[in-house]
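The following note concerns the charged side chains of the structure shown below and the way in which they pair.

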Amino acid sequence: MTLYDRIQESTAIVRSRLGGRAPAVGLVLGSGLGAFADTLVDAVRLPYEDLPHFAVSRVPGHAGRLVVGCVRGVTVAAMQGRVHFYEGHGLDVVTFPIRVLLALGVRTFVITNAAGGINQALSPGELVLISDHLNLFPEGPLRGENDDRLGTRFPDMTRAYAPELRDLARRAGKRAGLDLREGVYAGLPGPSYETPAEIRMLRTMGADLCGMSTVPEVIVANHQGARVLGISCVTNLAAGITGAPLSHAEVTETAAKAHASFVKLLEEILVELGKEGQG
Ligand code: HPA
């Protein structure tokens, strides 16, 4: 079965469960940030295991379902948890839910993650707008035959993180009481955290943040011409900065502490997107 056919099959099933809800905005909720999906009004919850071709994450802090509902009058499709490359899936599988949301009509994505802070000006708990990325996965999600019905063979990535959405997010941030900074996100395969030497290398390469997700999803969304806003929650200072060991428990704990400001920011972003006519 081709990727295109898998997308059609899965999309038909998701659509049949939505009772006419038509999401305009796709939301990917990273480690420890998934609880936002519980705030959606009039929501339909679809566990990934019930959806054809969706892989299920086994990582603690990732619930594994698609939740479609309303926030401040905007219909959003939220991925409460995602699967990662390090779990053993190909990047076509990792990015499959993004393809389904695109097929449902989503044209704007808000993609979030927990990240290590490489730039020493960043503090744990801080929310950062992603301005650009370094793809350091061993492959890209578009490797293999291209289906021109989805997008072009060689998609441009000059504005992979739409500048107008970063402006919109900064306005939303002000209303949420946040002065949002921007940074370059390095996407790495994981699952081991980086070594201190790797962090020094990444800093030299221009990275401010690092993590194990997001980049493949952003490439796929851009492949199909959608706009992306990327937000990192800095859950820890990157390896070697303080000398303390890194742990997933620290990542999810810090993300949970940032949750209140994260929810406020997302709500304000959705209000702005609603004004733009994305509702
Ligand atoms: N490195 C990679 N991924 C991460 C980190 C980190 O320090 N923190 C949260 N996700």
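1. The protein carries 27 positive and 29 negative side chains, with the centres of the two sets 4 Å apart (Lys and Arg count as positive, Asp and Glu as negative, His and the chain ends not being counted; each charge is placed at NZ of Lys, CZ of Arg, CG of Asp or CD of Glu). The model is predicted: local features need pLDDT of at least 70, side-chain atom pairs count only at pLDDT 80 or more, and totals for chains, interfaces and linings use all residues. Residues are numbered from 1 along each chain as its sequence is written, and side-chain values use heavy atoms, without hydrogens and water.

2. The structure holds 17 salt bridges (a side-chain nitrogen of Lys or Arg within 4 Å of a carboxyl oxygen of Asp or Glu). One of them joins R82 and E217, at 2.8 Å from N to O. R82 lies in the loop between strand 4 and helix 2, and E217 in helix 6, 135 residues apart (helices, H or I, of at least four residues and strands, E, of at least two are DSSP runs numbered from the N terminus).

3. R82 is buried at 1% relative accessibility, and E217 is likewise buried at 1% (buried is under 20% relative accessible area, exposed over 50%, partly exposed in between; 1.4 Å probe, protein chains only).

4. R170 of helix 4 and E182 of strand 7 are 12 residues apart, and their side chains form a salt bridge at 2.7 Å, N to O. R170 is partly exposed at 27%, as is E182 at 33%.

5. A network of salt bridges links R171, R175, K264, E268, E272 and K275.
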